[in-house]
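Please read the following report alongside the sequence and the model, which are shown next.

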Amino acid sequence: MKKGFTLSEVLIALVVTGVIAAITVPHIYAQYTELERISKVKKTYSTLANAMTRVKADGGDYIFDVVNDDDENMKNWYDTYLKNSLITTKVCYNTSGCWNEGDSYNLDGSTVYCNRTGIGIGANIITAVLNDGTFIVVDAYGKNSISSYFGVDIDTDSGLIMFFDINGSKKPNTLGKDIFAVVFTEDGLVPAYKSRTASQISSDCSSSGKGYSCIQKYLKQ
């Protein structure tokens, strides 16, 4: 005589399977999301680094002052120095359309310095959408501001900084999660706060930090 499973046994098996899935699936998904973030950060960083290296090799002036520039001057700068080094689907000159529609945030929940809702991060800026959907911001900062906000010392009076959002218009639009900051120097593209220690990076990447130096955590993996 064949003996099958009772209804109660089947239900118990289903419950156990459900509990195991509830425990393991979120963990697996979190691991996958983290690996995907690492890959995108490294890819975008490499893309921007190579683009700016080509600009410099071609003799382009990669340091530009946009404090008093108008949109036409910024367009000329982009068309002359950066256009042929980046593959983009759209470029915006100090206007909306190439950055998140909402605000950009620090890890502690505050809005990023010089946040401009729907336009980008910075005053007179160039924003663009790369062919993989990544958003970028190109801006110029003075030497002291780059040291204060990005933790990078440069030899020139002003320098070029970039923010990039690896998942485009999707949230959370937060530094250290999907938005990352880099600075272009005579030594090439470097991550914000490149000289910070592991403990300083860990603190900055906590819920009470700003998130500027989190890019280093991903580039080192």
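Leucine 86 touches Thr47, Leu48, Ala51, Tyr78, Leu130 and Ile136 when residues up to four places away in sequence are not counted, a contact being defined as heavy atoms within 4.5 Å. This is a predicted model, in which local features need pLDDT of at least 70 and side-chain atom pairs count only at pLDDT 80 or more, whereas totals for chains, interfaces and linings use all residues. Residues are numbered from 1 along each chain as its sequence is written, and side-chain values use heavy atoms, with hydrogens and water left out.

Leu82, Leu86, Ile136, Val138 and Phe164 are the residues that touch the most other members in the largest nonpolar core, which has 29 residues. A nonpolar core is here a set of buried Ala, Val, Leu, Ile, Met, Phe, Trp, Tyr and Cys residues joined through side-chain atoms within 4.5 Å; buried means under 20% relative accessible area, exposed means over 50%, and partly exposed lies in between (1.4 Å probe, protein chains only). At least two residues of this core are supplied by each of α1, α2 (71–82), β4 (126–130), β5 (135–142), β6 (158–165), β7 (179–185) and α5 (214–219), and the largest share, 8 residues, comes from α1. Helices (H or I, at least four residues) and strands (E, at least two) are DSSP runs numbered from the N terminus. A second, separate core of 25 residues includes Val152, Leu175, Ile179 and Ala192. In soluble globular proteins, nonpolar side chains tend to be buried together.

The protein chain as a whole contains 5 helices and 8 strands, which follow the pattern α-α-β-β-β-β-β-α-β-β-β-α-α when read along the sequence. Of its 221 residues, 43% are buried. Among contacts between residues at least 6 apart in sequence, 56% join residues at least 24 apart. The accessible surface of the chain comes to about 11,900 Å², of which 54% belongs to carbon and sulfur atoms; accessible areas come from the Shrake-Rupley method with a 1.4 Å probe, and for residues only the protein chains shown count as cover.

Proline 191 lies in strand β8 (residues 188–191). Not counting residues up to four places away in sequence, proline 191 touches Tyr45, Val152, Ala181, Val182, Ile215, Gln216 and Leu219. Proline 191 and methionine 162 are 29 residues apart in sequence, with a C-alpha to C-alpha separation of 9.8 Å in space.

Some backbone details concern the loops. Lysine 171 and proline 172 are joined by a cis peptide bond with omega of about 20°, and proline 172 is placed in the loop between β6 and β7. Asparagine 173 lies in the loop between β6 and β7 and has a positive phi near 55°, in a residue other than glycine. Tyrosine 193, in the loop between β8 and α4 (198–204), has a phi near 50°, a positive value in a residue other than glycine.

| Residue | Relative accessible area | Class |
|---|---|---|
| Asparagine 173 | 6% | buried |
| Proline 191 | 13% | buried |
| Tyrosine 193 | 16% | buried |
| Valine 19 | 44% | partly exposed |

Valine 19 lies in helix α1 (residues 7–57).
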